[in-house]
Amino acid sequence: MKLIIIGLAALLLIPSNTMEVRKPDEWQGPKTLEQVTKEYAEEYGISFELVSRIIACESNWNPSAYNYKTHDSGLMQINLPLHAKTAKAMSLDLSKVEGNIKYGLHLIRTNGTRDYKASRRCWDK
């Protein structure tokens, strides 16, 4: 009986989709992370100041930030199990700085800041 319970518990811990979980690449671009973020924020029509505060709170501007517990990844801390398929359909690679920023901006443009409500006390000052 204990083995059955342990087996069922293990199944519950396996993500429902079978996506590859990778750490974001280290940033090696000719522009700073702030410059790239500002360009994309302008392209998406979103305040750079807001995006900058969210990134500072979510990842402390670390493009390699990765939460192994929640599988949130990159500057914008995108939840991989929840968003990887949609990002891929949009031709965005969440492990790349540009793809991570663009997808985070897509979320903000689509949903407002609700995807970042967990860190709101930090960035909404």
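Three strands make up an open sheet here, ordered 1-2-3 with antiparallel pairing; strands are DSSP E runs of at least two residues and helices are H or I runs of at least four, numbered from the N terminus, and two strands pair if DSSP finds at least two bridges between them. The edges are strand 1 (66-67) and strand 3 (78-79), each pairing on one side only. Keep in mind that this is a predicted model: local features need pLDDT of at least 70, side-chain atom pairs count only at pLDDT 80 or more, and totals for chains, interfaces and linings use all residues. Numbering starts from 1 along each chain as its sequence is written, and side-chain values use heavy atoms, with hydrogens and water left out.

**Sheet and layout**
- Strand 1 connects to strand 2 (residues 72-73) through 2 bridges, running antiparallel.
- Tyr66 sits opposite Ser73 in strand 2.
- Along the sequence, the protein chain reads α-α-α-β-β-β-α-α-α, with 6 helices and 3 strands.

**Core**
- The largest nonpolar core has 28 residues, and Val51, Leu105 and Tyr116 touch the most other members; such a core is a set of buried Ala, Val, Leu, Ile, Met, Phe, Trp, Tyr and Cys residues joined through side-chain atoms within 4.5 Å.
- Helix 5 supplies the largest share of this core, 6 residues.
- Not counting residues up to four places away in sequence, Val51 touches Thr37, Ala41, Ile46, Met76, Leu105 and Ile108 (contact means heavy atoms within 4.5 Å).

**Burial**
- Of the protein chain's 125 residues, 40% count as buried, meaning under 20% relative accessible area with a 1.4 Å probe, protein chains only.

Key:
Buried < 20%, exposed > 50% of the residue type's maximum accessible area, 1.4 Å probe, protein only.
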